Amino acid sequence: MPKVVEAHGLSFGYGGGAGPKVLDGLDYTFTSGAVTVVTGPSGRGKSTLLYLLGLMLRPTAGQVVWRGEQVSEWSDGDRSSWRAREVGFVFQDAVLDPSRSVLENIVEGALYAGLPRRSATARAGELMERFGVQTRSAAKPRQVSGGQAQRVALCRALVKQPAVVLADEPTGNLDEGSAAVVWQALYEEAKRGATVLVATHHLEQVNADAAVLEL
Amino acid sequence: MPLRYLADLTAEGVKIARSQPMASIVAGLMAAGVCVAVLSTTGQTATTEHQVLAGLDAVGSRVIVVSDDTGEARIRPGSVTSIARLSGVRSVVGFGPAFDMTLPAFSRSAAPVPARYVYGALPRQVDVTLGALAPGRGLVGPRGQQRLGLIQPAAGLEDDQGAPWVLAGGLKASGYLRFLNHTIIVRPPLEPRGRLASTAGGDSVASIYVLADSVGDVDALAAGVPHVIQAAAPKYNISKPAALLRARKVVASGLATSSRRLMLLVLAAGLILQSVTMLGAVSQRRRDFGRRRALGASRSAVVWLVLIQTAAVTVPGVLLGSAIGIGIVRYLTGAYPPPSFAAGVALLALLFAVAAAVPPAVTAAFRDPVRILRVP
């Protein structure tokens, strides 16, 4: 499988590296078409690793390499642009805009990638149908359940068909049924060719063919 | 940024404004308040200033007079045409030396009326009430007609040399040419006659009245006129309304400076309040901007979103405030403020509001999105 994202000696400490190191010299290669589960006790840097790979944080040492290019040193504008095009984030608590409808929240996922609104809306429709939230498209986030909100967040992450999906405890607040839907979607994305990283404590629903990175 | 992306971001900024109704209303009312405050204070001054300046301009601060009082300059009539070609000239008319005309039947007893040759087109200040100006024919002003004892401004006249003339109509003059109401003006005849026929060198111009397009053109015209005047000797005077021009300058600079200073003070106070309001609005949406950064919004995109949000709430406020402020000025002074002033205040209020949003926008753009997203 082709290498997509690589961590080369990746280290990070909050407070500009002055604080204790959360990650220390991590070397790992994340391939496309696979789900990598990042696990480990709290405070070992699972979320931090996702933020580093999503270029929302700069490593205090080491490099993030994207298709052979050292991307972690890029400017904020380039990193944002890359994140907008290539990365779909899923957070533990969905992080939806409470003032917008479900549909608008999903379409926003494509806004910063510069995708035409019309095609983003069409793609959002397909995803809502796939994840069973099409009847809630006009609802506000406070009007949907936690499981539905997380599926909406998943739709938002996938609307631009990202090359990398970074999911931080995506099923942490969900019941078993909703969690299964989310996991299924993540595996399907990997089958489509995406590089999927999931930071989680919950390994019950992890497939046997998923790679596991324990921190 | 591609145009479509910019348009999408702009639409997004407007949506943010709509999603924060309370902050938007406060910011909008603040912009309205600034416009009302500026218009109802400096707007009154500006309106008064505008009226005073309009009055000064109307009474002749744009008129330059070239005069040959002694007759030694012998200004040639072609000078009128030459001056008319200068840039910044609204109208120009020249008059020859005065000579007397009377009704022949009563030439010994009736009072004579001064007559002058006229050169160039009659300006708007001279209204031909009857007849038309033609070579060798004259038009008389109402006072001159009265002096001649004529019921209608039509008669045969003779000059002080006994040469015959035809009075073919009347005129009414106003403004700086109202002295013509006492006189007869005559378009020079094709063949000189009377006293002027014996004048060496033919006819000459005794005075030329030049009306400038604007007050700002007066000095340049006064300097340019001597270069195009054709005269036997440069013994003519050029006068401009120096006292009026000085008064105008005092009004334009003195009043303007104080009112502009007050306006800037009000705008600056509005800027600070607007900045605090927008900082509050941005703080409320801390998590929102963190989410947007995670979705790929660059710092410049976040700044743009906040600035558009500000503009979206300020525009209705500025329109409302301008309408109220204009109404207050109308009520207090009986006149509307100059449109350019009202538009300028509205534009400045908008620019100040957007400028006030820059610090909150930059603050939002530089917040650490990871920290924001990890704090529920």
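Student: Where do we use that? How do helix 1 and helix 9 of chain B cross?

Tutor: First, the ground rules. Residues are numbered from 1 along each chain as written, and chains are lettered from A and ligands numbered from 1 in the order written. This is a predicted model: local features need pLDDT of at least 70, side-chain atom pairs count only at pLDDT 80 or more, and totals for chains, interfaces and linings use all residues. Now the helices: the axes of helix 1 and helix 9 of chain B come within 8 Å and cross at roughly 55°, so these two helices of chain B are oblique to each other. Axes are lines fitted to C-alpha atoms, for helices over the stretch in contact, with angles from 0 to 180 degrees between N-to-C directions.

Student: Which residues make that contact?

Tutor: Helix 1 of chain B gives residues including B:Leu9, B:Val14 and B:Ile16, and helix 9 of chain B gives residues including B:Trp304, B:Leu305 and B:Ile308. The residues of this contact are 10 nonpolar, three polar and one charged. Ala, Val, Leu, Ile, Met, Phe, Trp, Tyr, Cys and Pro count as nonpolar, Asp, Glu, Lys and Arg as charged, and the others, Gly among them, as polar.

Student: How many residues of chain B are in contact with chain A?

Tutor: 19 residues of chain B are in contact with 22 residues of chain A; contact means C-beta atoms, placed from the backbone, within 7 Å. Helix 1 (3–19), helix 8 (286–295), helix 9 (299–333) and helix 12 (369–374) of chain B each give two or more residues to that side. Helices (H or I, at least four residues) and strands (E, at least two) are DSSP runs, numbered from the N terminus. That side of chain B has 10 nonpolar, four polar and five charged residues.

Student: Switching to chain A: what is the strand order in the open sheet?

Tutor: The order in chain A is 6-7-8-3-9, five strands with parallel pairing, where a pair needs at least two DSSP bridges. Strand 6 (87–90) and strand 9 (211–214) of chain A are at the edges with a single partner strand each, so one side of each has no neighbour in the sheet.

Student: How many bridges join strand 6 to strand 7 of chain A?

Tutor: Four. In strand 7, A:Val164 is the bridge partner of A:Val87.

Student: What is the mean pLDDT of chain B?

Tutor: It is 84, and 89% of the residues of chain B reach 70 or more; pLDDT is the predictor's confidence in each residue, from 0 to 100. Residues 198–202 of chain B stay under 50. Where pLDDT is low, the predicted coordinates should not be read in detail.

Definitions and conventions:
Two residues are in contact if their C-beta atoms, placed from the backbone, lie within 7 Å. Angles under 35 degrees count as roughly parallel, over 145 as roughly antiparallel, 65 to 115 as roughly perpendicular and the rest as oblique.
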